[in-house]
Amino acid sequence: MKILNIHGYKGSAENSACMALKKLGHEVISPQIDYDLKNPRQILSDLRKISDENKPDYIVGTSLGGFFAMLIARRNTDIPVVLVSPCLNPCVTLPELGYKVDRIRKMTFVEYADMIEKMNRQNVTAIIGGQDEVINYHSFTTKSLIKNCYVVPEGKHSGATLNLDYWFKELIK
């Protein structure tokens with residue numbers, strides 16, 4: 001399968017999701033994103049272009065990458081999405097991690113979050129850690145936004161703690 005992998009804030013294109021997907025034999029398109037340098041609109045535009053050019057069978061998004069994966073899936077509803085520790089409320093989470101959320105970025109994130117809330121999420125699955133030390137609102141994510149959600153009780157925010165080899169093998173077919 002061809003998979004677009006979107007890493008999180010301060011993450012790497014070669015994150016644990018990318019490594020697990022490659023280990024399972026998938027073709028992985030995993031761009032390096034500088035979330036501090038580019039504004040959210042430019043990031044989304046770049047990712048949509050990559051998606052349109054590569055036509056992935058799945059999109060995997062980790063943390064803030066999950067937020068952008070949802071936005072791509074909003075336009076391409078036939079592409080299944082797997083979220084890993086998704087950051088679906090960046091205005092709350094990112095400032096705690098040192099991200100500068102100026103007025104324009106905040107307005108953009110709020111607009112995008114509203115779009116995500118209104119989208120059809122039938123093809124979206126999430127894997128989250130029961131002990132995520134970065135995102136403390138996963139109960140909102142699982143109850144309100146993502147119905148197909150798997151909690152790894154001992155897992156933390158990092159995909160490396162979530163046994164992604166197992167989950168991707170189960171979910172990506």
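At 0% relative accessibility, Ser85 counts as buried. In this predicted model, Ser85 sits in the loop that runs between strand S4 (81-84) and helix H4 (90-96). Its backbone is marked by a positive phi, near 45°, in a residue other than glycine.

Lys55 also has a positive phi, of about 45°, although Lys55 is not a glycine. This lysine belongs to the loop between H2 and S3. Is Lys55 buried or exposed? With a relative accessible area of 61%, Lys55 is exposed.

## Packing of H2 against H5

Helix H2 covers residues 40-54 and helix H5 covers residues 103-118. The two pack at an angle of about 50°, and their axes are 9 Å apart. That angle makes H2 oblique to H5.

On the H2 side, the contact is made by Pro40, Arg41 and Leu44. On the H5 side, the residues are Arg105, Thr108, Phe109, Glu111 and Tyr112. Sorted by class, the contact of H2 with H5 has four nonpolar, three charged and one polar residue.

## Aromatic pairs

How many aromatic pairs does the count come to? The count comes to eight aromatic pairs. In one of them, Tyr150 and Trp167 have ring centres 4.8 Å apart and ring planes at 35°, so the pair is tilted. Tyr150 is in strand S6 (residues 148-152), while Trp167 is in helix H7 (residues 164-171), so the pair ties together parts that are 17 residues apart in sequence. Tyr150 is partly exposed, at 34% relative accessibility. Trp167 is buried, with a relative accessible area of 14%.

One aromatic cluster is formed by Tyr9, Tyr35, Phe67, Phe68, Tyr99 and Phe109. Phe109 is also among the H5 residues that make the contact with H2.

## Cysteines

The disulfide count comes to zero. Cys87 is buried, with a relative accessible area of 1%.

Cys149 is likewise in no disulfide. For Cys149, the nearest cysteine sulfur is that of Cys87, 14 Å away.

Thr62 is placed in strand S3 (residues 58-62). At 13% relative accessibility, this threonine counts as buried. Which residues does Thr62 touch, not counting residues up to four places away in sequence? Thr62 touches Ile6, His7, Gly8, Asn15, Ala17 and Val84.

Glu27 is found in strand S2. This glutamate counts as partly exposed, at 46% relative accessibility. Leaving aside neighbours within four places in sequence, Glu27 is in contact with Met1, Lys2 and Ile3. Glu27 and Asp132 are 105 residues apart along the chain, and their C-alpha atoms are separated by 28 Å.

Asp34 is found in another loop, between strand S2 (27-29) and H2. Asp34 is partly exposed, with a relative accessible area of 41%.

How far apart in space are Lys10 and Asp34, C-alpha to C-alpha? The two are 7.7 Å apart in space and 24 residues apart in sequence.

Methods
Residues are numbered from 1 along each chain as its sequence is written. This is a predicted model: local features need pLDDT of at least 70, side-chain atom pairs count only at pLDDT 80 or more; totals for chains, interfaces and linings use all residues. Side-chain values use heavy atoms; hydrogens and water are left out. Axes are lines fitted to C-alpha atoms, for helices over the stretch in contact, and angles run from 0 to 180 degrees between N-to-C directions. Helices (H or I, at least four residues) and strands (E, at least two) are DSSP runs, numbered from the N terminus. Angles under 35 degrees count as roughly parallel, over 145 as roughly antiparallel, 65 to 115 as roughly perpendicular and the rest as oblique. Contact means heavy atoms within 4.5 Å. Ala, Val, Leu, Ile, Met, Phe, Trp, Tyr, Cys and Pro count as nonpolar, Asp, Glu, Lys and Arg as charged, and the others, Gly among them, as polar. A disulfide is a pair of cysteine sulfur atoms within 2.5 Å. Buried means under 20% relative accessible area, exposed over 50%, partly exposed in between (1.4 Å probe, protein chains only). Rings of Phe, Tyr and Trp (its six-membered ring) pair if their centres lie within 6.5 Å; planes under 30 degrees apart count as stacked, over 60 as edge-to-face and the rest as tilted.
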